[in-house]
Amino acid sequence: MKTSLLLLLLLLAGAAALYVVATPAAAVGGQWQSIPNVADPHVQGLGKCAVDEQNKVSNCDLRFVKVVSGKVQDGTTYQLDVDVLNIEGSHRIFKVEVVELNSSGSSTTCKIVSFGPGC
C-alpha cells in the first residue's frame, strides 16, 4: 500500500512538473509577455493580417511594412506595434491588439480588438 501511494505521488509530481515545463510562459496567469523575436514570420503574419482586416473596415488604405515590437497573452492575443505606410507614403506606427483565430502555414486569420490611432 505504501509503495502504491508513493508511486502515485511521484506520478502526480512528475505530471505537474511536465505541465509547468510544457506550458508557454504567455499562457501562465494571462500575463502579457514580450515577444523576443518579432521578426518571426508568424508574428509578421499577424501584423499583416491586422492591417488587412483594418483596411476591410476603413478607408485607410494602409500598407503593412513590419511588426517592430509586441507582447503576447495566452498564446493567442497580441499587442503589436506595427509600422505601416499610409496613403501619402509616410511611415506610421500603429498600436494594434489582435486575436489569432487560425494559423496554418502561410495563412493567418485574425480579429482586431483595437487599431490606433486612426488613419
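In what order do the five strands of the open sheet stand, and is their pairing parallel or antiparallel? The order is β1-β2-β3-β4-β5, and the pairing is antiparallel.

## Basis of the model

The structure is a predicted model, in which local features need pLDDT of at least 70 and side-chain atom pairs count only at pLDDT 80 or more, while totals for chains, interfaces and linings use all residues. Residues are numbered from 1 along each chain as its sequence is written, and side-chain values use heavy atoms, with hydrogens and water left out.

Helices (H or I, at least four residues) and strands (E, at least two) are DSSP runs, numbered from the N terminus. Two strands are taken to pair if DSSP finds at least two bridges between them.

## The sheet

Five strands make up the open sheet described above. Its edges are formed by β1 (33-34) and β5, each with a single partner strand, so one side of each has no neighbour in the sheet.

Strands β2 and β3 run antiparallel and are joined by nine bridges. Within this pairing, Lys66 has Asp83 of β3 as its bridge partner, and Gly70 stands opposite Leu80 of β3. The hairpin of β2 and β3 has three residues between the strands, and Asp74 there adopts a positive phi near 60 degrees.

Nine bridges also connect β3 to β4, again in antiparallel fashion. Asp83, the partner of Lys66, is bridged to Ile93 in β4. Five residues lie between the strands in the hairpin of β3 and β4, where Gly89 has a positive phi near 90 degrees. Strand β3 is mostly covered, with seven of its nine residues buried; buried denotes under 20% relative accessible area, exposed over 50%, and partly exposed in between (1.4 Å probe, protein chains only).

## Helix α2 and its packing

Helix α2 comprises 17 residues (41-57). From first to last C-alpha α2 reaches 25 Å, close to the 24 Å expected at 1.5 Å a residue; the expected span is 1.5 Å times one less than the number of residues. At the N-terminal end, Asp40 caps the helix, with a side-chain oxygen 2.7 Å from the backbone nitrogen of His42.

The buried residues of α2 include Val43, Leu46, Ala50 and Val51, together with the polar Gln44, Gln54 and Asn55. As a group, the buried residues of α2 pack against β2 (63-73), β3 (77-85), β4 (91-104) and β5 (107-116), where contact means heavy atoms within 4.5 Å.

Asn55 belongs to α2 and touches Cys60, Asp61 and Leu62, residues up to four places away in sequence not being counted. A polar atom of the Asn55 side chain lies 2.8 Å from the backbone oxygen of Leu62. Such a polar contact is a pair of N or O atoms within 3.5 Å; within protein, one must be able to donate a hydrogen and the other to accept it, and residues adjacent in sequence count only if both atoms are side-chain atoms.

## The disulfide

One disulfide is found, the criterion being a pair of cysteine sulfur atoms within 2.5 Å. It joins Cys49 to Cys110, with an S to S distance of 2.1 Å. The link of Cys49 and Cys110 is left-handed, with -105 degrees about the S-S bond. Because Cys49 lies in helix α2 and Cys110 in strand β5, the pair ties together parts that are 61 residues apart in sequence. Both Cys49 and Cys110 are buried.

## Salt bridges

The structure holds four salt bridges, each requiring a side-chain nitrogen of Lys or Arg within 4 Å of a carboxyl oxygen of Asp or Glu. Among them is the pair Asp52 and Lys48, at 2.9 Å from N to O. These two residues are four apart in helix α2, so about one helical turn separates Asp52 from Lys48. Both are partly exposed, Asp52 at 33% relative accessibility and Lys48 at 41%.

Lys56 and Glu53 form another salt bridge, their closest N and O atoms being 3.0 Å apart. Both lie in α2, three residues apart, or about one turn of the helix. Lys56 is exposed at 63% relative accessible area, whereas Glu53 is partly exposed at 25%.

A further salt bridge links Asp61 and Arg63 (2.9 Å, N to O). Asp61 is partly exposed, with a relative accessible area of 32%, and Arg63 is partly exposed as well, at 48%.
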